[in-house]
Amino acid sequence: MTKTFDFIIVGGGSAGCVLAARLSEDPAAEVLLLEAGGHDRHPLYHFPAGFAKMTRGIGSWGWETVAQRHMKGRVFNYTQARVIGGGSTINAQIYTRGNPQDYDEWLQMGCVGWGYEDVLPYFRKAEDNDTWENRFHGKGGPLGISRPAAPLPICEAYFEAAAALGIPRNEDVNAEKQDGVAYYQLTQRNARRSSAAMAYLAPNRRRRNLTVRTGAQVRRLLIDKGRASGVEMMDGTRISAGQEVLLSSGAIGSPRLLQLSGIGPADHLRALGIDVAIDQPQVGENLQDHLDLYCICELSGPYSYDRYARPWFAALAGVQYLLTRKGPVASSLFETGGFWYADPDARSPDLQFHLGLGTGIEKGVAAMPQGGITLNSCYLRPGSRGTVRLASADPAAPPLIDPGYLGEPRDREMSIRGLKLTQEILAQEPLRRFILAERLPGPQVRSDQDYFDYICRHSKTSHHCAGTCRMGSDDAAVVDPRLRFNGIEALRIVDNSILPSVISSNTNAVAIMIGEKAADMIRADNGMTT
């Protein structure tokens, strides 16, 4: 064993960075944060528009899904962060929290202490909001939350087009009502990305009781007589934990590492030659994600940011950003969207839109040579469930990721309704002066079978995976409501894998909230100063 730390945090993503900062506030606590990925020194991690490069492999594991049996065998690119800050370092910086009823449903499912009124103080605690300070929002927290710095006129036309269909404007989708189209709040400060690494770690890296190691991949967790005692690194080095091991590797990484450690479905582990430390069938089950569909239009003029993909215009945009903190580089490219209904009887909005100020922004999505826009939609409460499993006992092997997209017929129906609504919005009069023609799906797609065939060719993950180490009060739950692993002492899971059901929006804000709430629970349970 090398040096003993009080807390070992495995995974330097959004929740892991929060844990490291908050637990190390107690000077008596020795905290170690281990991140398999590298530093975030590259400028693209900090410029908001750098998101356009992220799904193409920068700071990612480069994983894919297994062939999707309900989508004609389609294999999806599945971007998972491999860099300090995790998803908050490579995402589109959209700060949405879901619907209050999402959390109240968790409470009804046995997750005591996780209702909306329980979690709201932690959302507020994290925020340094440049617009609001009220019941829903806070100022002075670590995380920069800002309005978009570089919206385009076509965004206002999008709002008017939605209004023509009865969809109202909403100034704050994170407040009392989620319904409507809006400029999203963004995890930015002064037109720079405010990742969890920059917000929580960077100001505290000089603390003597906080050690951060990047390029540090854990081979397995160490379990001694039913207690998590530490970790083993890829080179065989062992590090011990005096208090707790905190697993914070995400909805794919956490169940993967648990299974590599002999913790998971016993039959699966034995088939791979892995010694079973504890049989927990639910590890890697309950995978949920939002399937993203998109409509792409070619524009009649330079109304989006597509032209800035050309070297000369890119250089001009760089100069503009350096001088003014405005323009294309200051844009997350998906800072406009909103929430509405596929099912008019749904308890709250069940669709989300993201207006992309360009085309071909994400890997695998078509680009318009003359410039265009992309309007994404996703059905927010899918009934489909998938799994995360190991392909082999080799810790370097990619996992088998199966989101099970469109496994439930209702998911298919609601997704198609959402795609049709995007087409209707884009066809409204306020957008006609900007749009030359809809190119995808296009007029040849008419029947529901046509739409399904289109979706099988043209769709992607929303990067909102969750649920694979489900929280609950029942015996089958992987963790209890204090995020303690059922059956192993001194082990907690702190990331989006604990969600019993995926929230009705983007998922980075909830990961940060989980980190904040977990830190308070850990400090209370270990008698730490606050």
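Predicted model: local features only at pLDDT ≥ 70, side-chain atom pairs only at ≥ 80, totals over all residues.
Okay, let's start with helix α1, residues 14-23. How many of the residues in α1 are buried? It's 10 of the 10, so the helix is largely enclosed by the rest of the structure. The buried set runs from Ser14, Ala15 and Gly16 through Cys17, Val18, Leu19, Ala20 and Ala21 to Arg22 and Leu23. Do note that Arg22 is in that buried set.

Next, helix α6, residues 153-164. With 12 residues at 1.5 Å a residue, α6 should span 16 Å, and the end C-alpha atoms sit 17 Å apart, which agrees. On the burial side, α6 has Ile154, Cys155, Ala157, Tyr158, Phe159, Ala161 and Ala162. So what covers those buried residues of α6? The cover includes the strands β8 (180-183), β18 (291-299), β19 (336-340), β20 (351-356) and β21 (372-379), along with α11 (409-426). And just after α6 you'll find Gly166, with a positive phi of about 85°.

Cys155 is buried, with a relative accessible area of 0%. With a cut-off of 2.5 Å between sulfurs, the count comes to zero disulfides.

Now for helix packing. α11 comes back here, this time with helix α12, residues 448-457: their axes come within 10 Å and cross at roughly 90°. The two are therefore roughly perpendicular to each other. On the α11 side, the contact uses Arg412, Ile416, Leu419, Lys420 and Gln423; on the α12 side it's Asp448, Gln449, Tyr451, Phe452, Tyr454 and Ile455. By class that's six nonpolar, two polar and three charged residues.

The other pair is α4, residues 100-108, and α5, residues 116-126. Their axes are 8 Å apart, and the packing angle is about 125°. α4 and α5 are therefore oblique to each other. Pro100, Tyr103, Asp104 and Leu107 from α4 meet Tyr116, Asp118, Val119 and Phe123 from α5. This contact has six nonpolar and two charged residues, with no polar ones.

Leu44 lies in the loop between β2 (31-34) and α2 (51-54). Apart from neighbours within four places in sequence, Leu44 is in contact with Gly50, Lys53, Met54 and Ile58. Leu44 and Thr89 are 45 residues apart along the chain, and their C-alpha atoms are separated by 9.5 Å.

Then there's Ser501, in the loop between β26 (491-493) and α13 (508-525). Ser501 is buried, with a relative accessible area of 15%. Which residues does Ser501 touch, not counting those up to four places away in sequence? Trp106, Met109 and Gln288. As for Gly284, it's 217 residues from Ser501 along the chain, with 14 Å between the C-alpha atoms.

That's me done, thanks.

How values were computed: Residues numbered from 1 in each chain as written. Heavy atoms only, no water. Buried < 20%, exposed > 50% of the residue type's maximum accessible area, 1.4 Å probe, protein only. Helix = DSSP H or I, 4+ residues; strand = E, 2+ residues; numbered from the N terminus. Contact = heavy atoms within 4.5 Å. Axes fitted to C-alpha atoms, helices over the stretch in contact; angles between N-to-C directions. Parallel < 35°, antiparallel > 145°, perpendicular 65-115°, else oblique. Nonpolar A, V, L, I, M, F, W, Y, C, P; charged D, E, K, R; others polar. Expected span 1.5 Å × (residues − 1).
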